[in-house]
Amino acid sequence: MESHNLIKKRNFVLLLIFWLLYFIHIVLYHFIATDPYMIVFISGGILLLVVTAMYYFRFHPAIIMYSFFICYYAYIAYMTSIEPAVINYLFLFLGIIVSFIYYSYIAIVISTLMSIIIVLYFYVSNTLFTSVTFVKLDIVYFILFTLITMIILLYCAHFSKKLIAITTVKMNKTEDELYSAQEYLQSFFTYNRDAIAVFSLDGKVIKVNAAFEQIYGWKAEEIVGKAIPSIPVGLKSDAESRLERVKKGETLVAFETQDKRKDGKVIDVEITVSPIFNRDKQVVALFGISRDLTEEKETEKFLRQTDKLSLAGEMAAGIAHEIRNPLTSLNGFIQLIHEDSSRYHSYTTVMLSELNRINSIVGEFLLLAKPHDTVMKKHAFSTILNDVILL
């Protein structure tokens, strides 16, 4: 496919070049009105039109390439037969040189053979001696020169094709690496849960990701091309001083500050700001990653409250143990009085009831300090229902 495209591009280039040369040729000889030259111009135009039509109607590029050589050498042979001058013979070498543009060994060899065949034809038909003085040995030198030109061009084509192949492999590898890196960066930018913003050196937003829209509330079309509106009024001076440091090439990693959402709510954020350099190590833009700390702050607050509750439970357990010690003594003595003296029976009954209530409250303190695992047991539903009805 790459060779196919290369030949197609070369066909187009040669069509442009030869149409240009054809018109230059007409301009140079427009004062010569002899019939032979008019026939040459007409035949050259027809041959160019044939190749152009083949290109326009999308013939196979290789067919167009070989047709190009056939038409070219037919035109040169006819022009040489009209005027067998040295300059016309030199155009036979031009065909070999032109064939090099395809980097095709076959095209160079075919072009060389056609040059030799045409020269030999003119040599045999004595046309070669009509206007230029030649000796018989000259034809040998002409063929040798043609073959040497072919060999040199074949070598150059081989070297060029090898160089193109190596360059193509490296380019494809580089393109694959760049594509992979671009996809990785695009995925990192698009699907990151943190807000990411790229902004210019003058503080205007260039690009934001979906997480930025979700955290700050602004849509991309609302903020791109505008100054960053998320900095609270009281923190603008600090933010500007940090941006100046980043513009000088410094990277600020994970510093905590506050930003403002679109709805005006101030949120706690952790921001990393770094410069973006060009090939000359100059800062051309800034890159910011912002993480919303609202949930983390609420979690920290909850943990601190939990620590307080845990401490309160430990204190409750200590107090409960300290209360239970004298409470046990009081309960024992009142139980003795209750059993030995009926005179104060009504009072001791109330006192024992209240002591039991105090003991129950202390027990709840102990449960608060040391919560127990929930134990599931089977119960008869009719019994539970009867207790509810009784209540």
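By class, 19 nonpolar, 5 polar and 2 charged residues make up the lining of the largest cavity, where Ala, Val, Leu, Ile, Met, Phe, Trp, Tyr, Cys and Pro count as nonpolar, Asp, Glu, Lys and Arg as charged, and the others, Gly among them, as polar. This is a predicted model, in which local features need pLDDT of at least 70 and side-chain atom pairs count only at pLDDT 80 or more, while totals for chains, interfaces and linings use all residues. Residues are numbered from 1 along each chain as its sequence is written, and side-chain values use heavy atoms, with hydrogens and water left out.

- Of its 26 lining residues, the closest to the centre are Phe199, Ile228, Asp259, Ile271 and Val273.
- Strand 3 gives the most to this lining, with 5 residues; strands (E, at least two residues) are DSSP runs numbered from the N terminus.

- An open sheet of 5 strands runs in the order 2-1-5-4-3 with antiparallel pairing, two strands being paired if DSSP finds at least two bridges between them.
- Its edge strands, each pairing on one side only, are strand 2 (205-208) and strand 3 (252-260).
- Strand 4 (residues 266-277) and strand 5 (residues 283-292) pair over 9 bridges in the antiparallel sense, and Ile271 stands opposite Ser290 in strand 5.

Definitions and conventions:
Helix = DSSP H or I, 4+ residues; strand = E, 2+ residues; numbered from the N terminus. 1 Å grid on protein atoms, 1.4 Å probe; cavity = no way out; pocket = protein on both sides within 12 Å on 5 of 7 lines; lining within 4 Å.
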